[in-house]
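This report describes selected local features of a single model. Please consult the sequence and the structure displayed below.

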Amino acid sequence: MRVISGSARSTSLLTPPDSRTRPTADRIKEDLFNIIARHVAGASFLDLYSGTGQIGIEALSRGAERAVFVESDKRMAELIGKNIAKCRLDAGSAVIRGDVRNALDKLCRTEQPFDIVYLDPPYEAGELGAALEALTGGQALVDGALVVAEQAAKAPPISGIPELQVYKIKEYSTTKLTFMKYTQNLCSIPLNAD
């Protein structure tokens with residue numbers, strides 16, 4: 001697992017010794033950043049269910065102004081910190097160890113809203129819907145923010161959150177990425193957020 005592009009390009013990232021996490025494959029990560037590329041530079045990036053931190057680190061490497069990583073597992077949160085340091089991206093990053101919904105509540109009260117959010121919850125945990133509701137229910141997002149969710153390929157489509165408009169779904173053999181745009185004013189949704 002490595003950083004694909006930007007200031008930390010080709011830096012190998014540390015991974016856990018066991019298989020408790022499911023890192024996003026390089027091909028999927030590359031597709032993700034090709035799709036959101038023009039939005040990353042200068043952005044405020046939120047990486048939820050961060051795992052090794054590779055998605056937020058990639059965003060920082062490609063010019064995001066800041067990235068906040070949220071991870072509930074203590075060992076993985078420490079690993080994210082080590083990966084950030086290894087890539088020399090400490091200045092624009094913060095790691096929060098805790099439950100995503102509690103972290104979002106805190107972030108809504110203490111941080112500037114985010115331009116881009118990436119969520120990669122455990123596929124079997126069924127947490128995505130509640131996390132998206134928490135994300136859109138507070139002050140965590142700027143109007144027009146991009147929200148990308150990684151899910152199992154067979155997971156049902158994301159729906160029922162009126163503030164999020166799905167504009168692209170990218171499918172792979174076992175995984176799919178759903179790209180959404182957040183809007184506070186539902187009358188002004190553009191047809192294509194690319």
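In which helix is Gln54 found?

## Gln54 in helix α2

Gln54 belongs to helix α2, residues 54-61; helices (H or I, at least four residues) and strands (E, at least two) are DSSP runs numbered from the N terminus. The model is predicted, so local features need pLDDT of at least 70 and side-chain atom pairs count only at pLDDT 80 or more, whereas totals for chains, interfaces and linings use all residues. Residues are numbered from 1 along each chain as its sequence is written, and side-chain values use heavy atoms, with hydrogens and water left out.

With a relative accessible area of 3%, Gln54 is buried (buried means under 20% relative accessible area, exposed over 50%, partly exposed in between; 1.4 Å probe, protein chains only). Neighbours within four places in sequence aside, Gln54 is in contact (heavy atoms within 4.5 Å) with Met1, Leu13, Pro23, Thr24, Asp26 and Lys29.

## Ser72 and its contacts

Ser72 lies in the loop between β2 and α3 (74-86). Its relative accessibility is 49%, so Ser72 counts as partly exposed. Residues up to four places away in sequence not counted, Ser72 touches Arg97, Gly98 and Asp99.
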